[in-house]
2 protein chains.
Amino acid sequence: MGATYRALCEHGYADLTMQDIADESDKSKASLHYHYDTKEELLLAFLDHLYDAFTDDVGETDGDDAVDRLVTFVDELLCPAEQTDESRSESGRDGTSDQGTGSDGPNDGADEFEEFQTALLEIKAQGPYVEAYREQLERVDAFVRGRVREIVADGIDEGTIHSDVDPDDTAAFVATLVDGVNTRRVALGETDGSVRDTFLAYVRENLVAPDADVAVDLVGDTGCETGGDTADAAGVDGDDGRATAGGDD
Amino acid sequence: MGATYRALCEHGYADLTMQDIADESDKSKASLHYHYDTKEELLLAFLDHLYDAFTDDVGETDGDDAVDRLVTFVDELLCPAEQTDESRSESGRDGTSDQGTGSDGPNDGADEFEEFQTALLEIKAQGPYVEAYREQLERVDAFVRGRVREIVADGIDEGTIHSDVDPDDTAAFVATLVDGVNTRRVALGETDGSVRDTFLAYVRENLVAPDADVAVDLVGDTGCETGGDTADAAGVDGDDGRATAGGDD
């Protein structure tokens, strides 16, 4: 799975071959083929693994109240670098940034993260052709929307979120926004820009119950722009090749 | 340009060859190469043409006030089918739906539109590799953001939009939302879902000035889901091969 991640980063999806993946691993192409007949099958296993790693990584979404939890969750989706502070300090800042990529020069983490997002966008563009990819993408999306829906419903119960807010609609809106940020990161090379601020304004004006005593900008105010080192931003930990979707669906 | 559009719909971006494009036109591959050295050059000319057609098609964005104009503009971006009612009635509902696509069977407009959006998403995924593509994508995006910014600024001037709304942030938010809808249409096969409703709620709560006498749901309330015939949704008019981005950037 780590080799698949690295090969995707280096070659993108369209040009990827089983040989490229073998080259990033200690296995032969023949032994990869023993487990996976086609590149498609191997990538399906990879997407499956990505789902597990992503949902593990996101965990429970703690917070003082539902509004705090919602903003925290969206931050985890929009700013993957923030999300992996722990794994970064565990593995060291520089330990995983360019190992095994096989690139010509050192490949820093920010580049690697963009490369991975690019390969994921290529896989999204396969949605209409490869039903099994679409099913995996839908699974990640269902997780994201389910979490938002759950948090909003909790907020309505606890009185921090307006009772006329629709949890499903809010979930679809958040998921769409996150997809937009991820697409723009690849297509236009843009980070989240000012989207986080506008999202916070939306939360404040549209979601927070009128008499609720919650602050909307509780969480770190850095957005994604000051990302700094994003070596682990995609949740890849070199040794076990653990990779997450980094909030992408 | 019409042949390029049809070839993109049929073959997608990654597998597209100059021969595929020649096959959709009355030109030989050699004569295409006389004008365009590579597929990349031809696609750049196509993206350039798309920009012109899209900006022509969107036109001025009329409306009773800035809020009405903003909702109308976003509807044009989110629901391309709605946008081409005029060209549809001019060319007739069935005249342009499957001509010249070279597909095995009749290819209805909705399929063709999804195919084109898919090819565009593939081109977006080339952003990090082909700087000239990214520049064209940025140009469309700058147009979209510029229009939103202008409308919001007009609204602040005329008093329908709250004076503390930031036109730039609003523009980035809208553009991100539209990109998200377009990505999800391809990756997940989803139409705009409930995003339009939530966007209207955002406009109502976040943008409209407190004492302004404007209704937010002025424009048709169908969203994209009842799209019906979308043969001309991508703005392609068979005879002159005129194509628009259909609100995609």
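Which residues of helix 1 of chain A are buried? The points below take this up along with the pairing of the two chains, in what is a predicted model.

1. Helix 1 of chain A. The buried residues are Gly2(A), Ala3(A), Thr4(A), Tyr5(A), Arg6(A), Ala7(A), Leu8(A) and Cys9(A). The helix covers residues 2-11, and eight of its 10 residues are buried, so the rest of the structure largely encloses it. Buried here means under 20% relative accessible area.

2. The end of that helix. Gly12(A) follows helix 1 of chain A and has a positive phi, near 75 degrees.

3. Relation between the chains. In general, a rotation about an axis and a shift along it relate two copies of a chain. In this model, chain B is superposed on chain A by a rotation of 180 degrees with 0.0 Å of shift along the axis, and the RMSD is 0.0 Å. That is how a two-fold axis relates two copies. The C-alpha of chain B nearest the axis belongs to Gly180(B), at 1.8 Å from it. Both copies use the same surface, since 100% of the contact residues of chain B recur in chain A.

4. Extent of the contact. Chain B contributes 41 residues and chain A contributes 41 residues. About 3500 Å² is buried between chain B and chain A, and 61% of that lies on carbon and sulfur atoms. Within chain B, the residues that lose the most area to chain A are Phe173(B), Arg184(B) and Leu188(B), which together account for 17% of what that side buries.

5. Ala175(B). Is Ala175(B) buried or exposed? Its relative accessibility is 0%, so Ala175(B) counts as buried. Ala175(B) belongs to helix 10 of chain B, which runs over residues 167-187. A separation of 9.3 Å lies between the C-alpha atoms of Ala175(B) and Ala142(B), which are 33 residues apart along the chain.

6. The second largest pocket. What volume does the second largest pocket have? The value is about 410 Å³. Its lining has 20 residues, and those nearest the centre of the pocket are Ala14(A), Glu122(A), Ala14(B), Asp15(B) and Glu122(B). Sorted by class, the lining of this pocket comprises eight nonpolar, six polar and six charged residues.

Note on methods. Residues are numbered from 1 along each chain as its sequence is written. Chains are lettered from A and ligands numbered from 1 in the order in which they are written. This is a predicted model: local features need pLDDT of at least 70, side-chain atom pairs count only at pLDDT 80 or more; totals for chains, interfaces and linings use all residues. Side-chain values use heavy atoms; hydrogens and water are left out. Copies are superposed by least squares on the C-alpha atoms of residues with pLDDT of at least 70 in both. Contact means heavy atoms within 4.5 Å. Buried means under 20% relative accessible area, exposed over 50%, partly exposed in between (1.4 Å probe, protein chains only). Helices (H or I, at least four residues) and strands (E, at least two) are DSSP runs, numbered from the N terminus. On a 1 Å grid over the protein atoms alone, a cavity is a set of points where a 1.4 Å probe fits but cannot get out, and a pocket is an open set with protein on both sides within 12 Å along at least five of seven lines; lining residues have an atom within 4 Å of a point. Grid points are joined across faces, edges and corners, and a volume is the space filled by probe spheres set on the points. Ala, Val, Leu, Ile, Met, Phe, Trp, Tyr, Cys and Pro count as nonpolar, Asp, Glu, Lys and Arg as charged, and the others, Gly among them, as polar. Buried area is the accessible area (1.4 Å probe) that two parts lose on being put together, summed over both.
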